[in-house]
Amino acid sequence: MGIPRRTVLLGGAGLVGALGTYGALTPRGRRLLGWTGPDGVVPDVPPAPVQPTPWGAWMGTDGPTVLVLHGRGGSVSWWQDLGLPQFLNGAKFRCAVINGGDDYWVSLTPPVPFDAALGVSMGGFGVLDLASRQPLKAVAAVSPALFATWADAQTINGFASEEVWAQHEPLRHTASIKSPVAVWCGQEDPFHDAAQDLTRAVGGQGSFEHGAHDGGYWRRVLPDALRFISSHLPTSL
């Protein structure tokens with residue numbers, strides 16, 4: 001039986017005192033109670049090769065190219081911490097992992113040609129934005145940071161202006177997204193509802209089980225995201 005979304009009376013007085021009814025219902029409270037699902041684990045396998053470049057790094061050795069965009073404040077090392085090189089063990093494609101800033105990839109000029117794209121959080125926004133501008137064989141967006149309104153977008157101070165946000169916000173350009181899309185976003189993620197709306201609008205695949213906006217959830221679903229991409233490329237895992 002699933003955990004209901006309504007207020008739950010906690011059994012231990014100490015736990016009630018620590019979290020409180022409201023705290024138990026917040027994403028952080030639900031995670032502390034174990035309601036956000038299990039954390040993913042990096043597999044104990046040799047990592048795919050990582051070759052630094054001026055724009056980031058290649059991960060993997062050959063095959064079609066997948067553009068990979070990190071979350072806000074991330075980098076190549078951010079993906080290494082998530083275990084992407086290990087998750088790529090045995091993959092028949094290579095990843096162009098880009099180092100970016102905090103601007104939601106709105107200034108991105110991809111440095112290499114690519115066939116598919118993977119992004120997490122801010123990177124999920126970025127790959128969906130790219131998909132609204134060019135056809136791709138597959139787009140995997142994990143916990144995409146999407147904003148239904150300019151007021152929502154302003155809360156993260158990530159866009160230079162409303163015009164920049166409107167030009168790039170994937171929710172405003174769903175009719176232009178024609179590529180195969182899959183979205184993963186946990187129920188305890190603040191972007192959950194927006195991610196569901198976009199998935200429905202583009203006719204994409206979606207997974208919206210329990211999960212927070214954090215590395216534990218991202219490690220859990222990364223294998224599925226990579227399999228989705230692989231299934232749409234000329235070779236497969």
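## A buried aspartate and its partner

Asp-129 is buried, with a relative accessible area of 3%. Buried here means under 20% relative accessible area, exposed means over 50%, and partly exposed lies in between (1.4 Å probe, protein chains only). Asp-129 forms a salt bridge with Arg-133, and the closest N and O atoms are 2.8 Å apart. A salt bridge needs a side-chain nitrogen of Lys or Arg within 4 Å of a carboxyl oxygen of Asp or Glu. Arg-133 counts as partly exposed, because its relative accessibility is 45%.

This is a predicted model: local features need pLDDT of at least 70, side-chain atom pairs count only at pLDDT 80 or more, and totals for chains, interfaces and linings use all residues. Residues are numbered from 1 along each chain as its sequence is written, and side-chain values use heavy atoms, with hydrogens and water left out.

## The protein as a whole

The protein has nine helices and eight strands. Both are DSSP runs numbered from the N terminus: helices are H or I with at least four residues, strands are E with at least two. Of the 237 residues, 50% are buried. The accessible surface comes to about 10,900 Å², and carbon and sulfur atoms hold 52% of that. Areas come from the Shrake-Rupley method with a 1.4 Å probe; for residues, only the protein chains shown count as cover.

Residues 24 or more positions apart account for 63% of them. Contact means heavy atoms within 4.5 Å.

## The sheet

Eight strands form an open sheet with mixed pairing. Their order is β1-β2-β4-β3-β5-β6-β7-β8. Strands pair if DSSP finds at least two bridges between them. The edge strands are β1 (50-53) and β8 (205-207), and each pairs on one side only. From one strand to the next, the twist averages 15°. Axes are lines fitted to C-alpha atoms, for helices over the stretch in contact, and angles run from 0 to 180 degrees between N-to-C directions.

Ala-182 stands opposite Gln-205 in β8. Helix α8 (residues 192-202) lies across β7 and β8, at about 160° to β7.

## Strand β5 and its neighbours

Four bridges join β5 to β3, and the strands run parallel. Leu-69 has Gly-119 in β5 as its bridge partner.

Five bridges join β5 to β6, again a parallel pair. Ala-116 stands opposite Ala-138 in β6. The chain crosses from β5 through α5 to β6, and this β-α-β crossover is right-handed. Right-handed means that, with the strands pointing away from the viewer, the path from the first strand over the helix to the second runs clockwise. Helix α5 (residues 122-131) lies across β3 (65-69), β5 (116-120), β6 (138-142) and β7, running at about 150° to β5.

## Two serines with positive phi

Most residues other than glycine have a negative phi. Ser-121 has a phi near 60°, a positive value. Ser-121 lies in the loop between β5 and α5. At 10% relative accessibility, Ser-121 counts as buried.

Ser-143 also has a positive phi, near 50°. Ser-143 sits in the loop between β6 and α6 (150-154). Its relative accessibility is 0%, so Ser-143 counts as buried.

## Salt bridges within helices

The count comes to four salt bridges. One of them joins Asp-197 to Arg-200, with the closest N and O atoms 2.6 Å apart. Both residues lie in helix α8, three residues apart, about one turn of the helix. Asp-197 is partly exposed at 40% relative accessibility, whereas Arg-200 is exposed at 58%.

Asp-224 forms a salt bridge with Arg-227, and the closest N and O atoms are 2.6 Å apart. Both lie in helix α9 (residues 215-231), three residues apart, about one turn of the helix. Asp-224 counts as partly exposed at 36% relative accessibility. Arg-227 is partly exposed too, with a relative accessible area of 46%.
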